[in-house]
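Welcome, and thanks for taking a look at this one with us. Below is a short briefing to read alongside the structure.

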Protein chains: 2
Amino acid sequence: MTTIRDVARLAGVSISTVSLALNSPKRVGAETLDRILQAIKSTGYRIDPVAQTLARGRSSLIGFVSANLGNMFFGDIRREIEHQALDHGYFVLIADSSGRADLERALLERLEAQKIAGIALAANGRGEEYATFLRDFKTPIVMFDQKVEGAERDFVGSDNPLTTTILTEHLLQLGHRRIGFISGPSGLHTADERLKGFMDTMAGAGVDIDPSLVVEGGYTRTGGHAQAMRLLTRRDRPTAIIGANNMTGLAALQVMQEMGFRCPDDVSLAMVDDVPWSNVITPRITMVVQDAQKLGELAAQRLLARIASPEGAAAPPQDFILTPRFVRGESTRRL
Amino acid sequence: MTTIRDVARLAGVSISTVSLALNSPKRVGAETLDRILQAIKSTGYRIDPVAQTLARGRSSLIGFVSANLGNMFFGDIRREIEHQALDHGYFVLIADSSGRADLERALLERLEAQKIAGIALAANGRGEEYATFLRDFKTPIVMFDQKVEGAERDFVGSDNPLTTTILTEHLLQLGHRRIGFISGPSGLHTADERLKGFMDTMAGAGVDIDPSLVVEGGYTRTGGHAQAMRLLTRRDRPTAIIGANNMTGLAALQVMQEMGFRCPDDVSLAMVDDVPWSNVITPRITMVVQDAQKLGELAAQRLLARIASPEGAAAPPQDFILTPRFVRGESTRRL
DNA sequence: ACATCATATCGAACCGGTTCGGTAAATGAT
DNA sequence: ATCATTTACCGAACCGGTTCGATATGATGT
């Protein structure tokens, strides 16, 4: 492996001059610069990113931490961030927390130890203490999807109450009153907001909510399945179900199929977020989708800006809230 | 940040002794070791992985490079590798090549510059020259899914010819003769093998193959969609279609739905590999699935073994071929 | 009691860069 | 012609570890 010293020797300059030539070429004499570049060419010199990181105290890696890469929603965001990062010379280190707050925290500390330049985080930790942890983190963090109150970080997300408000209004308009709601993990930002969107809309329409129809599916397939099963085995089962995310929504559909209910004839269904092959699923599910690509784009821009310059780093944290889009399917029918 | 020197000072020993205590504790006196550990505790010292990497010439990062993280198949493998890597103190750096060979190569070189400990690779590059590139790579590589002939690396994959052999025999038994085959990118290992499995089985059964029914869908959704469209708009369309992977298989189903064909009544369908929500897709698709988890497990074990010891590193490359499993759905019918 | 050997610890070189203070030459001001 | 300032480059310290040869001490063999 050729080092900066080899280049310096060949070009007949000191190593500090080579370093200078690499980092701020204009501060080096034109002719000297030429010789150095020539030497670099002929030796095939590649800068060692590890040594550079050690010396600079900062690497050119960006971390991406989320709960579930398998979920298309996070996958799309990841793709977009990765794309932009590569454009700016950054490499993306991806880590999957599996939704476990303790693991997530360990991952973040590990990333920090790697002197990572910045982190895009869909947080799963919660609470005062976690917010403090995030706030005091020295590495720039841009949070997406999940907002942690008190973390005082940039946040990119969707209008979550609106997602379920739209779905609930849609079902109310179709005449549904007994609506089951499979919520996400209570305490999680999006889960609480989506639940609130549902509750408020129901209350706003003067419809009583049967509390036993509001269950917690934890945003997971298995959780959604279990809770949908509970809802649908009741004698007084709901006429419609809302899944607070794609996993729980589809899990509900699966339960309907397993139990021989037809959707939407027997039970209507609506959910938040899309999945990759939704258009070959029968019936086409009515949903509210977030613009994952746009979210990723914003998150990446924000993070790169913070990393790039001291001014960017000093800017006050800002929230970016996108409006989700309603996609009508055939999984809901008029009562 | 506290460094090893702080610990040394506090424990009243030299920094080399601290390093020794950390790396081979048994070579340090019991009492000294105690003092050092105590000093580490009280200072909250964490070793700096970057400095360690620079000094050692090797990091504790493992790279995972594949074409498409969104595809559940790769996602499952990733999860398994990540899991095992974390258990052994390694961090997984994930990179998505989007199936582009040039990008993949750049990623690999970049990972190597990071002095990564090892790489799990689902290769998309092909050809003699690429094989040489992989063979001469200094970092341990374990390839999975896609085998590159001549790379002389460990390989973990499935019996690919068997995947399509099983599906083809199944369709032949049901009386199908005009079978459309949507292949993967020609030149890609699994694609070629799966195509061969189809061709050989047809030939073995004495059935003539209409070459125009064999199309290249490139393993992608869009490619599969376009080719399925071509197959299904023909006057003499096939009675059954095989998708060489999950993307192209589902794309074919989508085309059928768009064109108003019913599956399996009008056209039968079978494919290789599963997708996350296949059990809510109507009809349940007949498929041959690989054991992704097992593949990931084997790949991780192999890679960790190579990384761990010089003996492991020296072991001759070995192939691990798993047998795929047939899952009968309702997407194929007797003619 | 003396040579031999293992054990515990240390000092210094090294990994490959960055950065800052300093010097010598060139440029500009007066 | 003299002094001030800029420009181009260098030397050395530093980032935070690892590793190896050297040294001092104590144990073993005879």
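## Buried loop residues

A:Asp145 has 25 C-beta neighbours inside 10 Å and so counts as buried. Please keep in mind that this is a predicted model.

**Positive phi angles in chain A**

- A:Asp145 sits in the loop that runs between β4 (141-144) and β5 (154-158) of chain A.
- For A:Asp145, phi is near 65°, which is a positive value in a residue other than glycine.
- A:Lys115 belongs to the loop between α6 and β3 (118-121) of chain A, and its phi is near 60°, again positive in a residue other than glycine.
- Is A:Lys115 buried or exposed? A:Lys115 counts as buried, because 20 C-beta neighbours lie inside 10 Å.

**How the two chains relate**

- Chain A superposes on chain B by a rotation of 180° with 0.1 Å of shift along the axis, giving an RMSD of 0.1 Å.
- The two copies are therefore related as by a two-fold rotation axis.
- Both copies use the same surface, as 100% of the contact residues of chain A recur in chain B.

**The contact between chains A and B**

- Chain A brings 31 residues to the contact, and chain B brings 31 residues.
- On the side of chain A that touches chain B, at least two residues each come from α4, α5 (72-87), β2 (91-96), α6 (101-113) and α11 (246-259) of chain A.
- Which element gives the most to that side of chain A? The answer is α4(A), with 5 residues.
- By residue class, the side of chain A that touches chain B has 17 nonpolar, 8 polar and 6 charged residues.

**Surface near DNA strand C**

- DNA strand C is surrounded by 27 residues, and the closest are A:Ile4, A:Ser16, B:Ser16, B:Gly29 and B:Thr32.
- Helices α2 and α4 of chain A and α2 and α4 of chain B each supply at least two residues of the surface near DNA strand C.
- With 6 residues, α2(A) gives the most to the surface near DNA strand C.
- The surface near DNA strand C divides into 14 nonpolar, 10 polar and 3 charged residues.

**Surface near DNA strand D**

- Around DNA strand D there are 26 residues, of which A:Ser16, A:Gly29, A:Thr32, B:Ile4 and B:Ser16 come nearest.
- At least two residues each of the surface near DNA strand D come from α2 and α4 (49-56) of chain A and from α2 (15-23) and α4 (49-56) of chain B.
- Here α2(B) gives the most, with 6 residues.
- The residue classes near DNA strand D are 13 nonpolar, 10 polar and 3 charged.

**Packing of α1 and α2 in chain A**

- Helix α1 (residues 4-11) and helix α2 (residues 15-23) of chain A have axes that come within 8 Å and cross at roughly 100°.
- α1(A) and α2(A) are therefore roughly perpendicular to each other.
- From α1(A), the residues A:Ile4, A:Arg5, A:Val7, A:Ala8 and A:Ala11 meet A:Ile15, A:Thr17, A:Val18 and A:Ser19 of α2(A).
- The residues of this contact split into 6 nonpolar, 2 polar and 1 charged.

- A:Leu134, in helix α7 (residues 127-135) of chain A, is buried, with 21 other C-beta atoms within 10 Å.
- Not counting residues up to four places away in sequence, A:Leu134 touches A:Ile141, A:Val148, A:Ala151 and A:Arg153.
- A:Leu134 and A:Arg105 are 29 residues apart along the chain, and their C-alpha atoms are separated by 9.3 Å.
- B:Leu322, in strand β11 (residues 319-322) of chain B, is partly exposed, with 16 other C-beta atoms within 10 Å.
- Leaving aside neighbours within four places in sequence, the contacts of B:Leu322 are B:Ser158, B:Asp159, B:Gln290, B:Asp291, B:Lys294 and B:Leu295.

**Cis peptide bonds**

- In chain A, the peptide bond from A:Thr282 to A:Pro283 is cis, with omega near -5°.
- A:Pro283 lies in the loop between β9 (268-272) and β10 (286-289) of chain A.
- In chain B, B:Thr282 and B:Pro283 are joined by a cis peptide bond with omega about -5°.

Terms used: Residues are numbered from 1 along each chain as its sequence is written. Chains are lettered from A and ligands numbered from 1 in the order in which they are written. This is a predicted model: local features need pLDDT of at least 70, side-chain atom pairs count only at pLDDT 80 or more; totals for chains, interfaces and linings use all residues. Axes are lines fitted to C-alpha atoms, for helices over the stretch in contact, and angles run from 0 to 180 degrees between N-to-C directions. Helices (H or I, at least four residues) and strands (E, at least two) are DSSP runs, numbered from the N terminus. Angles under 35 degrees count as roughly parallel, over 145 as roughly antiparallel, 65 to 115 as roughly perpendicular and the rest as oblique. Two residues are in contact if their C-beta atoms, placed from the backbone, lie within 7 Å. Ala, Val, Leu, Ile, Met, Phe, Trp, Tyr, Cys and Pro count as nonpolar, Asp, Glu, Lys and Arg as charged, and the others, Gly among them, as polar. Copies are superposed by least squares on the C-alpha atoms of residues with pLDDT of at least 70 in both. A residue is near a molecule or strand if its C-beta atom, placed from the backbone, lies within 6 Å of it. A residue is buried if 20 or more other C-beta atoms lie within 10 Å of its own, exposed if 12 or fewer, and partly exposed in between; C-beta atoms are placed from the backbone.
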